[in-house]
Amino acid sequence: MADQVKKPVGIMETVLRDAHQSLIATRMPTDMMLPIVDKMDKVGYHAVECWGGATFDASLRFLKEDPWERLRKLRDGFKNTKLQMLFRGQNILGYRPYADDVVENFVEKSVANGIDIIRIFDCLNDLRNLQATVDATNKIKAREGRGHAQIALSYTLGDAYTLEYWVNMAKKIEEMGADSICIKDMAGLLVPYKAAELIKAMKEGTKLPIQLHTHYTSGVASMTYLKAVEAGVDVIDCAISPFALGTSQPATEVMVETFKGTEYDTGYDQNLLAEIADYFRPYRDECLASGLLNPKVMGVDIKTLLYQVPGGMLSNMVSQLKEQNAEDRYYDVLKEIPEVRKDLGEPPLVTPSSQIVGTQAVFNVLMGERYKMATKETKAVLRGEYGQTVKPMSQEVIDKVIPGEERITCRPADLIENEMDKLEAEMKEWKQQDEDVLSYALFPQVATDFFKYRQAQQEKVDMTQADTKNAAYPV
Ligand SMILES: [Mn+2]
């Protein structure tokens with residue numbers, strides 16, 4: 001029998017992070033996850049994604065759960081599977097740039113509580129904003145032999161984003177000391193044949209493993225994965241079928257079946273995957289019944305390809321226009337978005353650049369004059385506070401919005417003083433574990449509310465020896 005060279009493709013399962021973030025606003029509670037962990041641990045996934053900005057925020061804000069506790073419980077359950085998180089570079093899991101000491105501390109605690117692989121991205125693809133996270137991860141790796149830094153490039157289209165740009169970035173990432181690269185296509189813009197071209201070129205430019213992340217939003221994602229795998233991509237991000245498709249990822253079982261018997265065969269057991277799907281299906285039905293899962297997000301949204309605007313950004317824009325009774329300006333704003341993007345140096349549209357560009361476009365249209373009013377964030381981008389864009393920003397817009405102001409060209413975090421001590425002093429009365437300081441750093445108000453809730457619950461339990469099992473004293 002002729003030896004077929006085996007090159008099994010890896011799958012990262014996203015049901016515990018991106019899939020429920022994309023479909024049900026990140027509302028899956030830890031109690032829903034734990035009973036299936038044992039089975040998931042037997043599949044042999046490349047990794048399970050379980051943590052990131054929105055899961056952290058929603059845990060504290062809506063579910064009244066400690067996200068660190070969730071991570072520890074998942075770590076306990078996943079004995080053989082690597083756990084992965086998403087990290088917004090210098091913004092960590094929050095919305096502002098933090099000092100390097102907070103970044104380093106957060107990486108330390110993430111790995112200490114159970115994370116193996118940290119996927120780091122920046123909304124401008126400014127690699128300087130990712131270096132501190134990579135260095136912190138590598139420090140742990142040198143010390144303990146675990147911890148993997150993956151740099152994700154936010155995928156986008158535009159004049160500056162040539163094959164040469166992506167290959168060049170891949171080379172730089174390798175030089176930075178990262179362990180792998182991810183192409184992060186948050187809007188589902190990467191079409192099949194372009195994917196083959198991109199992966200082939202990048203594979204020639206770097207020795208690092210390449211992982212592909214996309215969303216089913218525009219309907220092409222499974223085909224994109226097929227072509228990418230044929231071109232040599234190492235890992236693809238998928239979601240178990242009840243939480244796949246629509247604004248989520250392609251279905252795990254479908255990709256497993258697609259590659260069965262080929263050199264890319266994952267070797268995963270479909271019967272086991274079916275049991276995992278059986279577990280999540282009733283929960284999906286429950287989410288549909290409660291309205292948490294809107295059938296609208298399950299279809300194909302071709303607008304995302306037409307306007308190259310992520311789906312989430314379009315729905316934000318519609319609600320902003322509704323508030324102003326200006327829904328008739330929808331197409332004017334759609335035309336304005338690429339113009340604003342150009343003015344700001346043509347950044348990818350991903351949190352937070354997507355919100356900044358979208359909101360400014362709405363302002364420009366509704367005010368009847370471009371940049372008559374600029375948001376605080378637009379000004380910060382123009383000053384260079386988010387980092388460097390791939391193309392120069394419009395001088396005309398700079399002169400109009402921030403006339404005479406100084407602009408930053410250094411790595412923005414170089415201007416931020418270490419802040420761990422100050423943060424700890426601010427929240428000292430609530431601290432029960434070191435990790436609480438980091439929760440507070442990211443979401444000061446939301447974390448404080450959670451700490452109060454936690455304390456009230458603990459006191460009640462102590463005082464009354466409440467029968468928590470039967471929820472006799474609901475809090
Ligand atoms: Mn995603």
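In which sense do strands S1 and S2 pair, and over how many bridges? The pairing is parallel, over 2 bridges. The model is predicted: local features need pLDDT of at least 70, side-chain atom pairs count only at pLDDT 80 or more, and totals for chains, interfaces and linings use all residues. Residues are numbered from 1 along each chain as its sequence is written.

View 1. Strands (E, at least two residues) and helices (H or I, at least four) are DSSP runs numbered from the N terminus, and two strands pair if DSSP finds at least two bridges between them. Strand S1 (residues 10-13) is joined to strand S8 (residues 235-238) by 4 bridges, and the two run parallel. Glu13 stands opposite Cys238 in S8, while Met12 stands opposite Ala47 in S2.

**View 2. The largest nonpolar core.** Such a core is a set of buried Ala, Val, Leu, Ile, Met, Phe, Trp, Tyr and Cys residues joined through C-beta atoms within 7 Å. A residue is buried if 20 or more other C-beta atoms, placed from the backbone, lie within 10 Å of its own. The largest core has 129 residues, and those with the most contacts inside it are Ile120, Ile151, Ile236 and Ile240. Helix H15 (residues 353-366) gives the largest share of this core, 6 residues. Two residues are in contact if their C-beta atoms, placed from the backbone, lie within 7 Å. Leaving aside neighbours within four places in sequence, the contacts of Ile236 include Val9, Ile11 and Met255.

**View 3. The buried side of helix H4.** In helix H4 (residues 67-77), the buried residues are Pro67, Trp68, Arg70, Leu71 and Leu74. These residues lie on the same side of H4 because they cover an arc of only 155 degrees around the axis, taken from the directions from the helix axis to the C-beta atoms. Among the elements that cover them are helix H2 (30-40), strand S2 (47-51) and helix H19 (435-442).

**View 4. The bend in helix H14.** Helix H14 (residues 330-343) bends by about 25 degrees at Glu336, and Pro338 follows within four residues. The bend is the angle between axes fitted to the seven residues ending at a residue and the seven starting there. The buried residues of H14 pack against helix H13 (311-323), H15 and helix H17 (395-401). Gly345, whose phi is positive, near 90 degrees, follows H14.

**View 5. Ile356 in helix H15.** Ile356 belongs to helix H15 and counts as buried because it has 23 C-beta neighbours inside 10 Å. Beyond its neighbours within four places in sequence, Ile356 is in contact with Thr375, Glu377, Thr378 and Val381.

Terms used. A residue is buried if 20 or more other C-beta atoms lie within 10 Å of its own, exposed if 12 or fewer, and partly exposed in between; C-beta atoms are placed from the backbone.
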